[in-house]
Every structure is written in structure tokens, then in C-alpha cells.
Amino acid sequence: MDIIGKRLWFFLGSGAAILAGIISLLIPPALRPGIDFTGGSAMTLTFSRAISESEVRSVLTGMGHPEAIIQVLGEDSVFIRTTALREAELGPDDSVVTPAEHVQIEEALGDNVAPIEAREFTSVSPVVARETVRNAAIAVAIAAVAILVYITWAFRRVPNPFRYGVCAVVALVHDLLVVLGAFSILGKTMNMEVNSMFIVGVLTVLGYSVNDTIVVFDRIRENISQAIERPLREVVNESLWQTLGRSLNTSLTTLVVLVALYLLGGSTIRPLVLAFIIGIVTGTYSSIFVASQLLVSWEIGDFGRVLRFLHLAPARSS
Amino acid sequence: MSRFLFRFLHRSLGLLSSLVGVAWGRRTIRAFIFILIIVGVSLAVVLVPDIHIGGFERGGDNLLGLTLGLDLQGGSHLVYEAADPDATEDDMKVAANTIERRVNAFGVAEAAIQVVGGDRIMVQLPGIADVEEAKKLIGQTARLEFKERTCLVDEPDNPCEKPENHEDKDIGLTGDDLARAWPGQEQTKGTPIINIQFNSRGTPIFAEFTKRIVGDNMKRIAIILDNTELLAPVVKSPILNGTGFIEGSLQNPFTIDQVQRISVQLNSGRLRVPLNLIHESTVDAILGADSLQKSLQAGLVGLGLVLLFMVVYYRMAGVVAALALMNYTIIALAVFKMLPVALTLAGIAGFVLSIGMAVDANILIFERVKEELRTGRSLSSAIETGFRRAWPSIRDSNISTLLTCVILYWFGSRLGASLVQGFAVTLFLGVVISMFSAIVISRNLLQLIGLTAVGRIPSLFTPERAREAVRVTRGS
């Protein structure tokens, strides 16, 4: 079957997915930042009985935290996010003058709602949050440069290594946009927050996307070296078929483990695992249906054709 | 010993091979022994709960003796920052030492305290029940006191150092009066000593005190930090200008380590860097245990499904992949235990992802082997060619993941993000071990099986060929 011949449909499919994500990213807030990026406090409390959001909210409002974001997880657990809570104050003789605010909140909830059986507490100061944002930006930038350099090196022996590099990077950006878009939509519909682990997810997806593209390109590289006379279009088509089994099997097996982890693992790593799942699906798709197709489009002059179609370039004289 | 082992294995394999009718090459046997040793050692490492080799200790009460991160065993991760921007690296070391001493006195086993990024201190308190109490202790001011000690009894077998044999009296001299303490060497003997220097308030008090007790065998200077005795030296000569030194006894001289440690402790009672808590993350042990159990369950279910898929789809090769994958898991766990790598939730996610990579390497190889089989090669030659062809893509594709791991490790190194580092480390190690497992273990196992009677039925290795064979039979 000729996969290359249907490339327009694949490009349109990707375009639609990315466009939806970009629209969501353009409507503020683009992503819902978690406390890692904003600073503040968050606690997850498990009560001895099922609880409702309203009873937790009334206690928090009474404690001077009407701004709290409250989400009931399961039945008996609640996630509460507030502005930074005060630490305990010690007197000159090292005795506690005022207990830490989160301890006061826990006590009030324990007295007025139900006994608390397990707790998790995180607080991040604005200093750390600013730094995390900065480091994340640096990490993503360094990763992008490192991957670019690496791709150029990996394809140094093929004709037009630059084209392979550019196509792999386009696939990479494609995957990045899909994951960001998906989290933007999830943030608006399901209050999905992004935290440091999301950055981990994104960077890993970048690594995986390149990983997948390289396997396909490696096959094209090998087939080209064996048959110089054949048109690139045929070689790429054949290479895609040869690697399709591997691509699908690898993605499926990895997805199986990740879906198990998503469904059975704890709620803490769900955002991370979800980023992996989305990233692997889009990474596999883009390596087959975007990167390799673009390579052919470039070779046979699709881009010029599109420009001429849009009357942006002069028609060919011949 | 190894020669004996080799001969023994060679003979027993020879016996085995005569049963299944196969000639075992020397190279295959070497490879087999190599795999056996690696997997055997790894399995032993994973299964032995406590490992003690000389000063090297690993293992513990956790699952398989693995080191667990705070989110899986419960505990507190605290990061403090110096409130004073001029705090030096030395000040931070002193502050970290103070925290360590107090946390240890509080009875937290395996607390880790470490200066990060020059002006921050990371405190990890595993399995702690009352974090607020620990935070209170960390926030307290250190109390260094110099007291006048009067010995009631001082005999070689019943020394003055015993608590019941002396009385300590306040002389109004505290850490506030000490200017600094630093390690040094005695000028003539070259033995390690601790230099001390008092400030203008402390100097006259110390001069008066040392003048008074010099030469008295029943008097000592008791130096006490947070109610724990550091030292109780005898005064040999009065110190009038505020600068003196403490040396060990003739029988029991100080070591270099000792004078360094005591100098830091003296300084910790002297100066205090005000610290602000800038990051806290506390997880109840009960939640940690719950997360651990859930993610283990998820991992096992996922691994089981993958193994099943591999066997169903790739037949005999899938069985080999399943074996290789189990070996991979054992080796990876052994490496995590020995380094040790603290497993966090994110780390488990990284490990799970690396299982995916390990499967990928196997799949890449098997697809190649299948192709080579289709061109009509013998199984053994198909395996060799398949591996050789698959290697560049396994290598090149994994390098990009390794690059990402290195960058993530840096991202996490600045604190608050030990989760990120846990992920980067497990994924990195996972990818490296998975390449090893695919290239060394899968390849040799496949060759070994190829040599047995099973290897003569290619349809066990490639589903297509089985189907083609059926078609050919029908056609004729």
C-alpha cells in the first residue's frame, strides 16, 4: 500500500489536532500552573468517612482561606491548594507560640468534619517557584539544542542530512504542541495542573519522539545506501512498511505498561504518566506520518506546489 | 576454580546436548556461563535482604532491601535557605552540622542533611511521625556553654568523665563569647589540635577562669553543646589573651578528623545562620506504603501483559524476549540496590518506561531476524545478521533518551526536585541496562535455543513463514 500517497490526510489530521491545542493555549490561562510554578501550599487529606467539598470549604473560609482550591478525590480524600501557609512561630525560649497554619487547618478539619487518617503536605516558596520556572525553561532550551546537534550528527552520512534534521525537529515540535495542547484542554476541562513532573514528561516525550523518528530514518538511510537508483518516495514507503511492525509493537507494549500504571498507580504520578501516554501516541504517529512524509514532500517539491496553489509563488514556466 | 567450573559445565552441557542432539560451541558455552554468572549474582543481590562486605552495607527492611524515596516510605523533605545573603559555604556547613546533630538526637534513623547550591540545606527525614517537632528543633538556636567542672572522683578505672563523678558549674561563658574555632597543628610535635579564640567579652572571663583552675587536677573546662558534652580538657597554662588551643592527651591524641569535627561543632554553637524554610513536602508513611503497593501492582500487571504479548506475537523469540526482560528486571533491581538509587514514584515511572525501551530493543532485533529468515537464511545466520543490522538504530535511538536524562538530572539538581532526579537516574540506568540485556542476553539466548532441536522449526520464530508454509501446501 502507498502510505506516502495519503500524506495530505495525515498532515490535515495533525494540523487539526495541533490547531485545537493552539486555540486552547491561546485562551488564558494556557496551562494551569501547579504550586511548583506559582508557590503556595497544597495538602491531600484522607478522612475516616466520605466527605463533601462544601463542608471542607466552610472550614477553610472560616480559617481565612476563601481562595482555596478544593477537589474531592475518590470519596474520602480531598486536595486543598491555598496561598503559602505560615510556619510555626517560636518564642525566645524555643517554645511554640503559634503552631504552623497547616496544622491549625488540619486540626479544624479534624474537629469539624471527620478525623483525618493520612496526610500529605507540600509548600513551595515563591523563590523556589520562580527558580523552577527558570530552570525548566533552561532545561527545555538545552534539550532542544542538544537534540538538534545530535540529530545532525546521527544523520551525517545520508544525502541531505540537513533535511533529515529539520524533518525530525518538525516532528518533535509537532509532538510538543500536541502534548501542550492536550494538557491545556485538560486544564480547562478537568482542572489538570502542570508541575515539575510535567516538565519531566515533556522532556521525556522529546527524547522519545526523536528516538522513534531515528528508528524510521535509520531504515531509510540503510535502504538508500543499498538502492541509489530508486526514487526517495518508494524507498521511504518501503522503509515505513518495514518499520511499521516494530513501531506499533513497541508503542503498544509501552502503552500497555503505562496504562496499567495510570489506572492502578497512585494519583500523584497520573499527570506524568498521562504526558507519557499522549507523547508516545503522538511520537509514533509523527515518526511515521509526519517526519518521513515531510522528507518526501521536500524531495518532490510539495511545498512549492502548496505555495503556487495559494498564488504565493509564480507558476512554473515549463 | 573457574577452570573447574568451566569443565564441569562443559561436560554437563555436553551430556545435555547429546540428549537433544546438538553440538555446543566453545563460544556459546562461554556466553552461557557469562549470562549465568551475571543473572545469578544479580538475583543473589536482589534476594539477600542485607549485604555486608567489609564496610560496604546495602539492603534493609524495605521491599527487597531497596532504598525507597520519601514519597514511598513516608517522611519529610525540607529545604532551608540562608536568610543572610552573605552566608558563606562554611557557614552553611556549620549550620548543616547543627541540624544533623539535632536531628540525630531526635532519633530519626537515616536522616540525610546536605548543603545544596551554596546557600541551601536539604533535610530528608524518612519515616518521621512528627514533622512539626523536628522543624521546631531545626529552628532552635544552638547552645554552647563553657562550665567549670569539679571532679569528685578521678581514678584510672573510675574516671572523672563518668556523669556521677563530677559536678558542672555555670561561669557565664557561652558560645556568644567565642570568636572562632579552627583545626591546626601543635608547633613542635605536629599533632592535631583545636585552636580557639574568644572575643572581647569572653577573653577576660576565660583568663580569670583558667588562672583560677590551672594546675588543679580535679578541675576541667566542660564544653557542652546542646546539653551534650563535647570535650572536658584540663588547663595546662592560663590563657590571658583569649587565644589558646586544646590538644589530646598523650595516651589518646586527637585525630585530624576529630579536630575538624569538633571545630565545626564549636562554631555551630558560636554563630547561627538564620534559615528560612522554602520548600516542604511531607508524606504520611501510610500513604507512601499505599503508593508503593499500587505502583508495584501496576508494574507487575503491565510487565505480565507485555510478556504475554511478546510470547503470543513472536513465538519462540518472544519466549527469549520474556526471559531477557525478566533478566533485565533482576539486573536493574540489583543495580538500584547496590548504588543505591532511592526509588520514588517518578523513579518507578522511569523504570516502567525503560521496560518499554528494553522491549523495543528486542522488537527491533526480532523484526530484523524475521526479515533475514524470510530471505532464506539459516536461523543462526539470521540471528547474527539481524542483531548486526538492528544495533545502529538501537544505539542511535537510545542516545537521545540518555541525553534527555542528563539534562533532566541537571534540572533536578538544584533542589525541590529530587523527584525529577530520581526519574532521570532510573531511566538512564534502565536504558543502559536494557541495551546490555538485548545485545548480550537476548542474542546469546536466541543462539542457544537456535542450536537445540527447537531451532530446527523456523515457524516457531516467524509467524509469516508458518502461514506461507500452509499456503504453499494448499497451492500444491
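Biologist: What makes β7(A) and strand β13 of chain B a pair?
Modeller: Five bridges join β7(A) to β13(B), residues 275-283, in the antiparallel sense. Two strands pair if DSSP finds at least two bridges between them, so β7(A) and β13(B) qualify. One of the bridges sets Ser123(A) against Glu280(B) in β13(B). This is a predicted model: local features need pLDDT of at least 70, side-chain atom pairs count only at pLDDT 80 or more, and totals for chains, interfaces and linings use all residues. Residues are numbered from 1 along each chain as its sequence is written, while chains are lettered from A and ligands numbered from 1 in the order in which they are written.

Biologist: Which residues make the contact between the chains?
Modeller: 62 residues from chain A and 62 residues from chain B. Two residues are in contact if their C-beta atoms, placed from the backbone, lie within 7 Å. On the chain A side, α7(A) gives the most, with 14 residues.

Biologist: How do you know what is nonpolar, polar or charged on the side of chain A that touches chain B?
Modeller: By residue type: Ala, Val, Leu, Ile, Met, Phe, Trp, Tyr, Cys and Pro count as nonpolar, Asp, Glu, Lys and Arg as charged, and the others, Gly among them, as polar. That side then divides into 38 nonpolar, 17 polar and seven charged residues.

Biologist: Why are β8 and β12 of chain B said to stand at the edges?
Modeller: The open sheet runs β8-β9-β12 in chain B, with antiparallel pairing. β8 (178-185) and β12 (243-247) each have a single partner strand, so one side of each lacks a neighbour in the sheet. The twist averages 25° from one strand to the next. β8(B) and β9(B), residues 192-198, share seven bridges. Across that pairing, Trp182(B) stands opposite Asn195(B).

Biologist: Why is Gly347(B) called buried?
Modeller: A residue is buried if 20 or more other C-beta atoms lie within 10 Å of its own, exposed if 12 or fewer, and partly exposed in between. Gly347(B) has 29, so buried is the word. Gly347(B) sits in helix α9 of chain B, residues 345-374. Helices are DSSP runs of H or I, at least four residues; strands are runs of E, at least two; both are numbered from the N terminus.

Biologist: What is Gly347(B) in contact with, beyond four places in sequence?
Modeller: Gly69(B), Val341(B), Gly422(B), Phe423(B) and Thr426(B). Phe423(B) is 76 residues away in sequence, but its C-alpha is 4.1 Å from that of Gly347(B).

Notes
Axes are lines fitted to C-alpha atoms, for helices over the stretch in contact, and angles run from 0 to 180 degrees between N-to-C directions.
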